[in-house]
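Here are a few exercises to work through with the model open beside you. Try each task before you read its solution.

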Amino acid sequence: MSDRSKLKVVVVGGGTAGWMTAAALVKLLPDRCDVHLVESEAIGIVGVGEATLPHIRAFNERLGIDEAEFMAATRATFKLGIEFRDWGRVGDGYIHPFGTFGRGNSEVEFHHYWTRLEREGAAAAPIGEFSMAVTMAYLNRFARPDPNPEKLESTFSYAYQFDATLFAPFLRQLAEQMGARRTEGRIVDVELDGEGGDIRALNLESGERIDGELFIDCSGFFSLLLGKTLEEPFEDWSQWLPCDRAVAMPCRTRTALTPYTSAIAMPAGWRWRIPLQHRTGNGYVYSSSFTSDDEAREALIGAAEGDPIAEPRVLKFQAGRRRRSWVRNCVGVGLASGFLEPLESTSIYLIQAAITALVELFPIDGISPLDRDEFNRLIDLEYDRIRDFLILHYHATERSDSPFWDHVRTMQVPDSLHEKMALFRSRGRVAKYREGVFLDASWIAVYIGQRVTPDGYDMRADLPSANVLRDAMSALQSEVRARASALPDHRDYIERYCPMAEAA
Amino acid sequence: MRPAGPIASVIVAGGGITAWSAAAALKRRIPSLQVALIVIPLSAGALADRMISTLPSIHGFHQDIGLTAADTIGGAASDLRLGTLFEGWADELAPYVHAYGAYGTPVGGVSFHQLWLRDHQRASLPPFDYFSPAAELARSGRPPTAGSDSVEFGLQLTLDRYGELMRAYALHLGVTEHRMGIQDVELRTDDGFIDKLTLDDGTSQRADLYVDCTGPEAILHSRFQTPLFDWSKWLPCDRLIMTGSEADPAFGSMDRVTAFDNGWRWAASSPQQSSSGTVYSSAHASDSEALGEAGEPIAFRQGRLEDFWVRNCVALGDAAVMIEPLEWTNLHLVHSQIDRMVSMMPARDCAPIELAEFNRQCAAEADRVRDFVCLHYVCARKPERFWKDAAAVAPPDSLAHCLSLFAERGRLPYHEEETFSRDSWLAVLLGQGFEPRRIDPMADLVPPADAQLAFATMRRSLESFALPSAAHVLPELNPRGVR
């Protein structure tokens, strides 16, 4: 329908959120919008979210991105889950897998059988040994899932760990090929419509004026349009998520290329380790109420493996979100609309969720308040559910070795989380909802991995006799190990499939 | 605190399919339970036990308890059911078929309905339901067999035979049967749990858990005086007259639901039984007018319990949700509630936190069924006072949300515990002529010529729908056999 006049969309910010949005809009709504992205090279990009969730694959597919090409360009590795160390107690470790425990197709969920064995004192192996994703991760194996649902090799999914500073340029090339316009420059003024209060145009330092009908704020923490200009209030969640700083430092390593991200608990927060093809991302997320920047920097330098490639860099943030993400003719995507620490790799997922909702609710003949409300409702759901899941990691701990852990262990959590935990403790039930990113297996992994063990289990798990159950469990454990061991080594797989170009 | 012991014994009370289905499922899926059924006369208002038309979910229930299609179709004189023909719900429009499974197929990643909405006027397309394989089969009167993933079907039951099957199966599994009226339901003084049932002969029966399948009277559960959510302002029909006798082969695999001045009538048939009746609002038509129907009107009031499971008593089916049989959801709700009860069985203490999750899911499911039934009234287009009154009431919030989003751009939001698929919603909305103002801009990605070609291909494939013989369908229904 080329006769229809196109909506003028202005995207502010050229980071991951900005270019993901621009690329998606030009690809999916080519006849509906003109996309003009404004970015300033003087302003650095945060480039959070080097680790992703499996949902990113659907996004890339929709954009027609070739996986191997994308992985080579962003020096990506595969990711089967997240390893958590020292969370429940110092010395504990578990993986939150992108996949099921057991075969994932039985009438009674696997963890009920596992809980029964535990209760009977039969010393079951750690629950991760019954998960393909977990076992492959610890063995450094990777292959793509088998489409045959009868096979154990079908019981996992995967995501990527990539260099976020390379993802945006990769998408930029794509978006520009498909017709997105880009202007380099610093925004000095945002022009509002006198009557309605909508945003009308941006004025750049160069004197250029860029007008538009729909403005997408991808300006990161600064939240130039949504926060600074339209003054949408920020809902502060630091009472539950007290971490407000991160110090980041990439290192060159020659250690194992793990197909998982690590999150290691620290005295005042936690530390990430994200292995890429060419380097390892490291960072310490901490609460400035419980440690100083200097202490955190020292702690990170002391803990990270390999040779630092760059000086440690400190970022400041606050957990929470803007009350609404879409206000007037401005949609906040990514950090401009809210921030949740990267503990469960949700940053890019949240960007993607906002883009998906925006495409589905894209204005036709003007912005409808109904569409805007629906957008905000969808985004709220995502944030609220991720929030509870993140708080669980802190709260479900027995650690009492530092004031930080004392605080999170004893703090009041939201009622919604309190109920979820009580329900799991009672009989291993996971509060059910299909909307929201983390499914049952994710909650089960964290609960059990952090010692929230059920008092009871599904009574149907009592059906097999103790011997039959024990034998079946140990057979499954052996089969998982054998199947996982037969898969290719992660590094070999990458070198065959998507090696990065050698650094010049 | 030591966890409470497991539930060891269950008493099911009721007189029909609901009660026998619950007893059979409990005994089959949790064999360690002692299950006793106190058989009382079937309540007149127990619609789940009295409607012959069922939804596709019935096959999942059968599979869960180990019954095969051979048992339920051949053995109990049922037949496959493809859908309902809705007549007269929107006066100026032709009747439409609500069948199960897909309506059309996506083209170039764009939902079929969006393209149909965009092009149907300009391209003079057939109505929306002409793109549903199941509706096509149902309309054509061809034998109701499955030959495609896109066709789903329920059953038309012969109620006596089906009830007998369920009873025989439950007894075979080890359920015990007590034919005796219930005199009294006694509560424990300390915690308010049901202590025992006193029967007509003065004996009493005790169990850890009581399952109330006694229909709208809810003989057990009513002891708790749980609040009711009244739906009558949205669903004003409160009378039902049921008739029916000999089988009528003319119906084939499709039942009929026809709107009239003050309500609606149905007509359906299984291989050995026909069923028909009238549902209406007593405020708009007096019983004496009797609408030309023979039979005693059954009075009911639509709504649901606030909590289905209270202490050690769970109400199922019409004991928990009273809803008119439009779209045949009564027995479907029973099956779904039974499955939830089995898979969320608490310990003997019936911990409130566990019951709360059970109740939350049951309530959400019932409310969405209410919304779907209510949708038919909201979108009806008829001039009579009854219909005008029904359409004038502001719908429940969740339905209003759906309708406003659909009206805006043909989008239907996802809800938890949804019974009917998006295509079912579309079948009713578009069948009754409710069209959105605008459509999804993503539809631009498919040029009209491409869509045109896809529409023609879909229609051609439906017209020559290849049908396997009835013998092929039986194993397909239950591919893994008894679990």
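**Exercise 1.** How many residue pairs are in polar contact between chain A and chain B, with both residues at pLDDT 80 or more?

*Solution.* Keep in mind that this is a predicted model. Between chain A and chain B, the count comes to 16 residue pairs in polar contact. Next, look at which elements supply the A side: α1 (16-28), α9 (347-360), α10 (369-395) and α12 (415-427) of chain A each give two or more residues to it. The largest share, 6 residues, belongs to α10(A). Finally, sort the side of chain A that touches chain B by class, and you get 16 nonpolar, 3 polar and 22 charged residues.

**Exercise 2.** Describe the extent of the interface of chain A and chain B, then find a salt bridge in it.

*Solution.* Start with contacts: 41 residues of chain A meet 39 residues of chain B. Then take the area: the two chains bury about 3,400 Å² between them, with 51% of it on carbon and sulfur atoms. Now turn to charge: the rule finds 7 salt bridges across this interface. For a worked case, pick A:Arg32 and B:Asp444, whose side chains form a salt bridge at 2.5 Å, N to O. That distance is within the 4 Å cut-off.

**Exercise 3.** Which residues line the largest cavity?

*Solution.* Begin with the count, which is 8 cavities of 30 Å³ or more. The largest has a volume of about 70 Å³. Its lining includes A:Thr253, A:Arg254, A:Arg273, A:His278 and A:Arg491. By class, the lining holds 3 nonpolar, 5 polar and 4 charged residues.

Key: Residues numbered from 1 in each chain as written. Chains lettered and ligands numbered in written order. Heavy atoms only, no water. Contact = heavy atoms within 4.5 Å. Buried area = accessible area lost by both parts, 1.4 Å probe. Polar contact = N/O pair within 3.5 Å; in protein donor to acceptor, adjacent residues only side chain to side chain. Helix = DSSP H or I, 4+ residues; strand = E, 2+ residues; numbered from the N terminus. Nonpolar A, V, L, I, M, F, W, Y, C, P; charged D, E, K, R; others polar. 1 Å grid on protein atoms, 1.4 Å probe; cavity = no way out; pocket = protein on both sides within 12 Å on 5 of 7 lines; lining within 4 Å. Points joined across faces, edges and corners; volume = space filled by probe spheres on them.
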